[in-house]
Amino acid sequence: MKKMNRLKTVLVLAVLLMLGLAVQAQDALPVDSLIGADDMAALEAMASDGELGLHDQLKNKFVEGDPKYMSLVAFVLVLGLALCVERIIYLTLSEINTKKLLADIEKKVEAGDVEGAKTICRNTRGPVASVCYQGLLHITEKTEDIERSIISYGTLLTARLERGCSWIKLCIAIAPSLGFLGTVIGMVMAFDQIQAEGDISPTIVAEGMKVALITTIFGIVVALILQVFYNFVNTRIDRLTIQMEEGAITLMDIIAKVKGKVKSE
């Protein structure tokens with residue numbers, strides 16, 4: 001149920017952002033400029049003279065690339081960014097001061113207050129505390145059983161950290177593919193115009209070629225942007241995984257030391 005609610009939230013956010021982009025794109029240029037060569041030439045002259053800002057130039061390029069195809073690329077960008085931001089927030093909130101947590105657990109366990117150590121883990125967010133709690137639950141069992149339980153639970157927590165990453169990778173793969181789709185469609189449009197006019201002059205094929213080139217550029221740029229965010233997310237996941245492993249090793253050392261003292265007594 002939580003997974004479905006999370007997916008619905010991301011989709012609603014993506015749709016709202018896409019609607020905002022569509023409205024801005026429609027306001028960027030008059031409708032006649034989409035088909036008027038004179039208006040397009042005047043617009044390009046304004047852009048080259050610096051009369052248009054970067055934001056306006058991007059909106060105009062969005063329109064020039066044909067919103068029917070560019071909207072698909074923009075939707076992938078919004079969806080991918082929404083997933084990346086969700087993962088970044090989740091992973092950031094999962095990070096804690098591991099050394100302080102393990103020091104507090106060690107004090108409680110050495111004092112014989114295992115329940116107090118469990119309480120500390122329950123009141124601490126993040127996968128490191130969860131792994132330690134799992135180990136404390138089996139503290140009375142054999143060392144091999146404790147290790148097996150921690151490893152199994154750690155695998156589950158790692159899968160939770162990576163939740164949604166497969167969708168981000170899908171967006172990275174789809175973005176340039178959609179750009180290439182626009183390229184193919186633009187080329188088909190250009191050849192259709194050549195066939196209809198019986199002429200191969202640059203003016204006739206300019207519109208189709210522009211759609212082909214702009215959609216490809218935007219698709220590649222979207223993939224690059226999402227790849228940067230995805231690598232950042234992976235870095236956070238690797239950091240948390242290392243903290244989980246360090247926490248598990250330290251906890252096993254604490255348990256072994258306490259059990260050694262009990263046997264010696």
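**Close-up views of a predicted, helical chain**

**View 1. Val222 and its contacts from elsewhere in the sequence.** Setting aside neighbours within four places in sequence, Val222 touches Val73, Leu77 and Ala175. Keep in mind as you look around that this is a predicted model. Val222 itself belongs to helix 10, which covers residues 202-264.

**View 2. Val222 and Pro176, seen together.** Count along the chain and these two residues are 46 apart, yet from C-alpha to C-alpha the distance is 7.6 Å. Is Val222 buried or exposed? Its relative accessible area is 5%, and because buried means under 20%, Val222 counts as buried.

**View 3. The whole chain, for orientation.** How many helices and strands can you find here? The chain has ten helices and zero strands. Of its 265 residues, 38% count as buried. Take the contacts between residues at least 6 apart in sequence: 75% of them link residues at least 24 apart. The chain exposes about 15,400 Å², with carbon and sulfur atoms supplying 64% of that area.

**View 4. Helix 7 and helix 2, two ends of the confidence range.** Which helix has the highest confidence in the chain? That is helix 7 (residues 127-137), with a mean pLDDT of 91, while helix 2 (residues 37-48) has the lowest, at 49. Across the chain, pLDDT averages 76, and 66% of the residues score at least 70.

**View 5. Residues 28-40, a stretch to view with care.** Here pLDDT stays under 50, and the model shows twelve contacts beyond four places in sequence for this stretch. Where pLDDT is low, predicted coordinates should not be read in detail.

Note on methods
Residues are numbered from 1 along each chain as its sequence is written. This is a predicted model: local features need pLDDT of at least 70, side-chain atom pairs count only at pLDDT 80 or more; totals for chains, interfaces and linings use all residues. Side-chain values use heavy atoms; hydrogens and water are left out. pLDDT is the predictor's confidence in each residue, from 0 to 100. Helices (H or I, at least four residues) and strands (E, at least two) are DSSP runs, numbered from the N terminus. Contact means heavy atoms within 4.5 Å. Buried means under 20% relative accessible area, exposed over 50%, partly exposed in between (1.4 Å probe, protein chains only). Accessible areas come from the Shrake-Rupley method with a 1.4 Å probe; for residues, only the protein chains shown count as cover.
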